[in-house]
Amino acid sequence: MTSNSFLRAARRTFTAGAAALLIGAATVPSLVTPTAAADGPASVADLAQGLLGAVVNISTSQRVKGTEGPGAVPMPQLPEGSPFQDFFDDFFKNRPGEQGDRSQKVQSLGSGFVVDAEQGIVVTNNHVIADADDIEVNFSDGVTLKATLVGTDTKTDVAVLKVDPKGHKLTAVKFGDSSKMRVGDWVMAIGNPFGLGGTVTVGIVSARNRDINSGPYDDFIQTDAAINRGNSGGPLFNSSGEVIGINTAIISPSGGSIGIGFSIPSQLALGVVDQLRQFGETRRGWLGVRIQPVTDDIAESLGMATAKGALVAGVIKGGPVDNGTILAGDVIIKFDGRDVNEMRDLPRVVAESSVGKAVDVVIVRKGVEQTVKVTLGRLEDGEKLASSEDGNTDQDNGDKAPAVSTASVLGMTVGELNDETRTKFGIAAEVSGVVITEVTKDSAAAERGIQAGEVITEIAQESVATPKDVMDRIAALKEQGRKNALLMLASKTGELRFVTIRMD
């Protein structure tokens with residue numbers, strides 16, 4: 001098909017759906033009707049008209065100290081020893097309210113939307129209102145109301161505000177189900193790009209489940225609907241006028257839209273909003289494990305047919321599974337009935353679970369699948385425990401240790417872990433295993449980032465205590481025809497991680 005014929009076909013496609021939005025509706029009209037869904041929207045005017053009143057502009061201001069202000073004259077930079085130094089010091093530095101005492105009012109703009117007209121609840125992004133001294137909500141008809149902060153969540157970049165519902169007649173929108181959105185579905189964004197309030201853009205869902213490394217629960221909807229600076233915190237609507245995303249980020253070398261925008265899915269945001277409204281903070285479920293991805297090498301070492309799930313690299317002391325329910329080396333493949341296909345799935349599904357809930361967790365332990373029952377703790381409490389564990393300091397006094405029994409294997413020199421080697425490498429007393437005293441350059445161990453001072457605690461999920469144990473385990477794996485050796489390594493402070501090393 002030529003480019004001209006393609007354009008003619010596209011025009012016919014959009015014209016075919018022209019009558020779809022002319023049908024009256026008692027509520028907010030749909031972007032498309034079932035008969036026109038395949039043809040695309042002819043117009044979104046009726047839909048936008050019913051939603052514009054619920055979308056607001058967020059204006060914030062913050063007082064910051066600075067040495068310069070609007071219209072201020074900067075102090076000249078004079079050569080050292082200049083005869084004019086005293087004069088300028090008196091003029092610039094000794095004036096009341098100048099320099100260090102001066103503060104500036106910094107303003108920023110974003111978007112938001114009303115979700116509860118009776119209570120005056122507005123949802124936006126955390127980064128839109130972060131560190132603000134004053135927050136104002138501007139409505140499409142020009143009315144401005146002061147807003148108070150109900151709560152924020154930095155992990156998902158969600159914030160909840162409250163305005164006086166008596167100060168203005170509010171229109172609210174509802175959250176929809178983002179899990180039902182498919183790639184190619186039509187969506188509409190309304191927001192405040194570059195301070196131009198009430199801007200409507202239309203596009204499609206370009207992709208789902210995007211991880212852009214902005215937080216621990218990344219699961220963004222990607223859209224080509226134009227999203228620019230100032231759209232942050234605004235809603236992304238489905239064809240029924242329901243909010244299925246909160247616009248929060250773009251990829252753009254120029255700062256303007258290039259058709260790659262990201263929205264927090266409503267499935268994730270709704271639970272956060274409810275908790276912020278109820279408690280003023282989040283209360284997420286917590287499993288109490290440190291995890292890492294299951295690579296192909298690790299899966300082969302564990303006897304798994306496919307690389308899936310989250311590998312437990314360690315268990316937090318005092319956490320929900322510090323009773324032996326889940327052990328380091330287990331692979332979690334299902335949590336509370338939901339599949340864990342990759343590592344990043346687990347933190348999200350756990351966080352969405354209620355504190356104190358008893359759940360079934362399916363694990364693979366030494367090649368055998370089994371189900372364990374776990375009662376979840378609270379993540380916010382668990383973070384304090386985890387940070388206290390990480391607070392232990394390493395010590396390395398550089399003392400030389402006397403000769404000990406050693407062995408060379410897989411590009412490493414390993415030795416007994418005793419008082420002398422603990423002192424030399426600053427290894428904590430609770431760490432046990434076989435210490436790595438040297439790593440050969442360009443070896444298989446070096447390629448995996450293994451360093452001297454780390455401790456081998458297990459090989460192929462079998463504990464090791466002496467260099468001979470290490471040699472025996474490697475030999476046994478080779479006899480079994482294994483291509484990789486799975487090592488559990490402990491850092492000097494006891495934090496665990498798994499590494500696979502080729503045994504070719």
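Biologist: Let us take buried to mean under 20% relative accessible area, exposed over 50% and partly exposed in between (1.4 Å probe, protein chains only). Which residues of H11 are buried?

Modeller: In H11, these are Pro-467, Val-470, Arg-473, Ile-474 and Leu-477. This is a predicted model, in which local features need pLDDT of at least 70 and side-chain atom pairs count only at pLDDT 80 or more, while totals for chains, interfaces and linings use all residues. Residues are numbered from 1 along each chain as its sequence is written, and side-chain values use heavy atoms, without hydrogens or water.

Biologist: How are those buried residues of H11 arranged around its axis?

Modeller: They line one face of the helix, because they fall within an arc of 125° when H11 is viewed down its axis. The arc is taken from the directions between helix axis and C-beta atoms. Helices (H or I, at least four residues) and strands (E, at least two) are DSSP runs, numbered from the N terminus.

Biologist: And which exposed residues are on the face turned away?

Modeller: Lys-468 and Glu-479 are carried there, opposite the buried side of H11.

Biologist: What covers the buried residues of H11?

Modeller: The cover includes strands S22 (406-409), S23 (412-416), S24 (434-439), S25 (455-459), S26 (462-463) and S27 (484-490), with contact meaning heavy atoms within 4.5 Å. Just after H11, Gly-481 adopts a positive phi of about 85°.

Biologist: Which residues other than glycine have a positive phi?

Modeller: Asp-131 is one of them, with phi near 65°. Asp-131 is located in the loop between helix H4 (126-129) and strand S4 (134-138), and it counts as exposed because its relative accessible area is 61%. Lys-366 is another, with phi near 55°. Lys-366 belongs to the loop between strand S19 (358-365) and strand S20 (368-375); its relative accessibility is 54%, so it is exposed.

Biologist: Turning to aromatics, how many pairs does a search of the whole structure find?

Modeller: The search finds 2 aromatic pairs. Phe-113 and Phe-175 are edge-to-face, at 5.9 Å centre to centre with 75° between the planes. Rings of Phe, Tyr and Trp (six-membered ring) pair with centres within 6.5 Å; planes under 30 degrees apart are stacked, over 60 edge-to-face, the rest tilted.

Biologist: Where do Phe-113 and Phe-175 lie in the chain?

Modeller: Phe-113 is in strand S2 (residues 103-116), and Phe-175 is in the loop between strand S7 (158-162) and strand S8 (186-191), 62 residues apart. Both Phe-113 and Phe-175 are buried.

Biologist: Why is the pair of Phe-220 and Phe-262 edge-to-face?

Modeller: The planes of Phe-220 and Phe-262 stand at 65°, with ring centres 6.2 Å apart, so the pair is edge-to-face. Phe-220 in strand S10 (residues 220-223) and Phe-262 in strand S13 (residues 261-265) are 42 residues apart. Phe-220 and Phe-262 are both buried.
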